[in-house]
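Please keep the structure open while reading.

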Amino acid sequence: MERIVLKHLSGSKANQVEEFPLNHVKELVLGRDPSSTVKYDPDRDDLVGRQHARITQDPSDPTQFIVTDLNSRNGTFVNRQKLSGTSRLNFGDVVQLGPGGPEFVFEYEPRPATVAKTTRVASTGPMAPTVSGAPATRVPDAGPSQPPFVPPTAAPSSAPGGVGKATVERIVAQNVAQAKKSQGRTFLVVGSIAAVLLILVVGGIGGLLYWRARTASSTEVSGLKQTLDAATAGKGMSPTEIASQAGNAVVKIDVAWRLVSPEGDGNVYHQLYKDQKSGREIALYFEFPDGTVEPALTYSYNPNSYAIGGRHSGSGFSVSNDGFILTNRHVAAAWETTFTFPDRAYPGIVINRSTGQIRLMDQGQLARINWVPARTKQTNIKFEGRNDSLYVTFPKQDSRIIAKLNRVSPRHDVALIKIDMPGTVPKVDINDNYDSIKQGDDVVVLGYPGVSPPITGIVKSQDIFNRETQNVEIPDPTFSKGNIGRVLRGEEKSGGVGDKDKFSHIGDAYQLTINSTGAGNSGGPVVDEQGKVIGIFYAGTRGMDATITFAVPIRYGRELMGVN
């Protein structure tokens, strides 16, 4: 029997599963109204509208489904991306009713055989920051709305002086033969074949200890131990040790921001007007003499316009025991990075500020606008960016901590924020290896990609004045392992005579062979084999058949931690 299955993750229905046979139900209305198909608690789920959203079958393809926001006050989110009107709903998508509202996973049983495999990539896209949130923030094409990608398996690297399996077996055979010939004694090999393989895999080297049954001299044992110590010298930490040491300092960051003005009602708006003939909203844009295009801004409220701002989540890591945290600039100061326009920003018309000429905007041009709100050329508007909320949550904790923006890098996608705590907090160690890092070095990325299913905890109140039981997210960072794919330098002087100097179009960055993470992981640490942070995860791009990600060298983070 074909049926829609909703697996509730949070809200009053947390941990419940609802099934709706398609031969009885053709659409689902979600809301607090008693007539809704999926009814939410009117008191506990106060972010849900009376009739918040609707899920229906696609008339042209019964195996496909469509979700529609019913003009709700708080909006509908699919995989942490705010829905504008109607959108296709894929199996496994996470739907949320309002920011911070109840969530559920949309499923269909049995799944049609025609459903694409989860590793399918259908289109290409530009490089973009890996923040997870509403459309007012940049979201990569490989973000939460796409199926997760399987990371490539990185070839294990050998430690300096490492010994392979064949070498170990040869050394064992030679020592046993020599001992039998010279001493007539039997050597005892301590450990089984399983132990040998365990040492090979976990330690990255081969090694077995032999002791002569009763007559081995302390000199022989000491010499063998020195040989093994030399072989294991410089070996890094295991992935488990890295996750344990650095993971406690990796925080989840939740942000709500807007562009504000000291004039008007405080908000800065993108001007839209309603065409009386067609009834459609038309967005206005200005074109400047240098060819750049920006949204026409105003601080006067218009019901057809929308405020510049948004909500999103990201990652970060504490670099001091007193609460200083590094993250991305596009996480902590979104007005300092390229703005992603919502669906309402198209169609539009462009007004040339010099000639007054007016032309229609094509959708391709809208996608190419590289507008940073903090760098607008419209001098008639006074404004500044502001975080209405900036919260930090440490791993496995159920309480959020208020943070403040401390410093923003003028050169790269890095910011420093600060929390105030009476005690100490976990921190990471830093290794600025920009001058010595090599292609192929092993690295680990930690953070909170939005595609990763959240863990929800139930917090029972002990407050007599507020007996409300809360369902809150308990952050648990994701661990992704890979390598340094390339080292990109903003400028690199050539050594040969007549050779041209080289430079990177995206500036200084580390290209990673890690694609099992994405939107929401922005600001997470990139950790080396010694458990030290060498970079800050910040962007990803997808081609025809591959996805690659990028990190900012930690050098740019260190610049914000001092005055030099």
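In this predicted model, six strands form an open sheet with antiparallel pairing, in the order β2-β1-β11-β10-β7-β8. At its edges lie β2 (17–21) and β8 (81–82), each of which pairs on one side only.

**Sheet detail**
- Strand β7 (residues 76–78) runs antiparallel to β8, and two bridges join them.
- Val 78 has Gln 81 of β8 as its bridge partner.

**Nonpolar cores**
- The largest nonpolar core has 36 residues, of which Tyr 285, Phe 341 and Val 392 touch the most other members.
- At least two residues of this core come from each of β16 (250–260), β19, α5 (329–332), β27 (384–393), β28 (401–408) and β29 (415–419).
- Strand β16 supplies the largest share of this core, five residues.
- A second, separate core comprises 25 residues, including Phe 317, Val 444, Ala 509 and Leu 560.
- Beyond its neighbours within four places in sequence, Val 392 is in contact with residues including Val 251, Ile 253, Ile 325, Ile 401, Ala 403, Ile 417 and Ile 419.
- The contacts of Val 392 also include Lys 252, Ser 399 and Arg 400.

- Glu 287 is located in strand β19 (residues 281–287).
- Glu 287 has a relative accessible area of 16% and therefore counts as buried, the cut-off being under 20%.
- A polar contact of 3.3 Å links the side chains of Glu 287 and Arg 359.
- Not counting residues up to four places away in sequence, Glu 287 touches Thr 292, Val 293, Val 350, Ile 351, Asn 352, Arg 353 and Arg 359.

Technical notes: Residues are numbered from 1 along each chain as its sequence is written. This is a predicted model: local features need pLDDT of at least 70, side-chain atom pairs count only at pLDDT 80 or more; totals for chains, interfaces and linings use all residues. Side-chain values use heavy atoms; hydrogens and water are left out. Helices (H or I, at least four residues) and strands (E, at least two) are DSSP runs, numbered from the N terminus. Buried means under 20% relative accessible area, exposed over 50%, partly exposed in between (1.4 Å probe, protein chains only). A polar contact is a pair of N or O atoms within 3.5 Å; within protein, one must be able to donate a hydrogen and the other to accept it, and residues adjacent in sequence count only if both atoms are side-chain atoms. Contact means heavy atoms within 4.5 Å. Two strands pair if DSSP finds at least two bridges between them. A nonpolar core is a set of buried Ala, Val, Leu, Ile, Met, Phe, Trp, Tyr and Cys residues joined through side-chain atoms within 4.5 Å.
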